[in-house]
Amino acid sequence: MGRLRLNGDLYDAVSIVEDDQWRRIRNIFSPLFTSGRVKEMFSTMKHHSHKLTCSLQSKAQNGEVVNIKEFLGPYSIDVMVSCTFSVDMDTINNPSSALITHASKLFKIPTRLFILQGFFPFLLPLLELMDVSFFSKSSTAYFKTIFDKIKAERSDSSKKNVRDILQYMINSQNPETNKLNQGLTDHEIFSQAAMFVMSGYESNTTTLVFLAYCLATNPDVMIRLQEEIDSTFPNKGPIQYEALVQMEYLDCVFNECVRLYPSSARLERMSKESVKINGITIPKDMIVTVPVYALHRDPELWPEPETFNPDRFSKESKQHIKPYSFLPFGVGPRNCVGIRFATVMIKLALVEILQNYSFSVCKETEFVCPPDPFADGPRVVRWASSTNQIKAADTFCHIRRREVQLGSDDMRLNVYLQDFAMITRMLLEKKNRHYQK
Ligand code: HEM
């Protein structure tokens, strides 16, 4: 995004800045997302995953069709805001909260503006002078108001032991606690907080929604995962951090989901100097695109790439995965700084939901129709070409309490067969519609 300029008030977010400024900010952040720090934030995450499962209860009881994004989005934003500011926005119980609206709006980059800067780069200085920005101004301003209010409360020195992301950034300004680095400026703190909350919200929600979708459409995988969950945390026992991060099949399911639906469809890098690779010269300042989505679905790298098959990531199979062919969190020094944080909060929510409920398809569920998921109809997958982001559309499913499904082996088989028959019928209908066009 850096090269695109027009970043408005978020001009110094870590994902945008370059060179020494990037190195300085990134160095400050890296210790913030170690496993020790993420473990500290685990109890905050659990507070919200518990609220999430409670909020699904009435939907499950009444057998209502659920737009699963309306539950997973608030969970994601509540965790991000709580871990950043120690504030519970409780959007899970206020789904129409302005915070959700602005978080979704911030990264909706106007396509026309994107095309304009691509074809007429000489207009960039003029657009900058006109204060035009890719990021929604009203959303940035909304976030700034909240930020200023919370930051003002931190001027009280008794708050300096609060262990959230904001306080960590504020403490970086203190030469006593940060001897090596030059700390963040006030504006840099604002930009990082906005970027974390908003971009974390988007990517986490997208991944969670696709997980729900993949499991609803692959009940055999869901049942196997529930078995792993039950043996790791018997009798719906409390979820422990160490056990969660060691769950093997859960990790396979997570990886397979982000292989099929990586939230960043492409990565970009700018060549710092002219280089020759395999006889091709890449001149200095050229943008090189890494087509992650295409790589993740290349049949030479992933046999039957459209099939959701978590066993590709089993201990034995994993060693055959070619380096750099699986890049859901990017690669190299500019990879995602929040990998550990995101993985833990997503797995936690999924495990807690599956301890209590099962996902299943309903007639409102839209199917990704291979081989081209962008092909037709209302979509499960949305691709925002201007930001290279893949987003989950509204996704409808049923949530069933697990007792119903796991009463007995016969009952479980029955439910499984019903789901399977429904999925097959709906996929066939969708294919027929597609070919009749
Ligand atoms: C499933 C969730 C997430 C996915 C799939 C994801 C994916 C990515 C990807 C693909 C990149 C670009 C990496 C590259 O160019 O090599 C990135 C960058 C980044 N992500 Fe994430 N992300 C997720 C969640 C988060 C969360 C929760 C946070 C914050 C806590 C976060 C913070 C960042 C930051 C700050 C960068 C820019 C790093 C830099 O430029 O140095 N991400 N993410």
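Buried denotes under 20% relative accessible area, exposed over 50%, and partly exposed the range in between, with a 1.4 Å probe and protein chains only. The model is predicted: local features need pLDDT of at least 70 and side-chain atom pairs count only at pLDDT 80 or more, whereas totals for chains, interfaces and linings use all residues. Residues are numbered from 1 along each chain as its sequence is written, and side-chain values use heavy atoms, with hydrogens and water left out.

**View 1. Salt bridge between E248 and K315.** A salt bridge is a side-chain nitrogen of Lys or Arg within 4 Å of a carboxyl oxygen of Asp or Glu; the count by this rule is 20. In the pair E248 and K315, the closest N and O atoms are 3.3 Å apart. E248 belongs to helix 12 (residues 248–260) and K315 to helix 14 (residues 315–318), so the pair ties together parts that are 67 residues apart in sequence. Helices (H or I, at least four residues) and strands (E, at least two) are DSSP runs, numbered from the N terminus. E248 has 46% relative accessibility and therefore counts as partly exposed, while K315, at 56%, counts as exposed.

**View 2. Salt bridge between R154 and D164.** The N to O distance between these side chains is 2.6 Å. R154 and D164 are both in the loop between helix 7 (137–153) and helix 8 (165–171), 10 residues apart. R154 and D164 are both buried.

**View 3. Salt bridge between R259 and E256 within helix 12.** The closest N and O atoms of the pair are 2.7 Å apart. R259 and E256 are separated by 3 residues, about one turn of the helix. Both R259 and E256 are buried.

**View 4. Residues around the ligand.** The shell holds 27 residues, of which W22, R26, R269, V331 and C336 come nearest; a residue is near a molecule if one of its heavy atoms lies within 4 Å of it. The side chain of W22 has an N or O atom 2.7 Å from an oxygen atom of the ligand. A polar backbone atom of V331 is 3.0 Å from a ligand oxygen atom, and a polar side-chain atom of R334 is 3.0 Å from an oxygen atom of the ligand. Elements giving two or more residues to the shell are helix 1 (19–29), helix 9 (186–216), strand 2 (267–270) and helix 15 (339–356). Helix 9 supplies the largest share, 5 residues.

Definitions and conventions:
A polar contact is a pair of N or O atoms within 3.5 Å; within protein, one must be able to donate a hydrogen and the other to accept it, and residues adjacent in sequence count only if both atoms are side-chain atoms.
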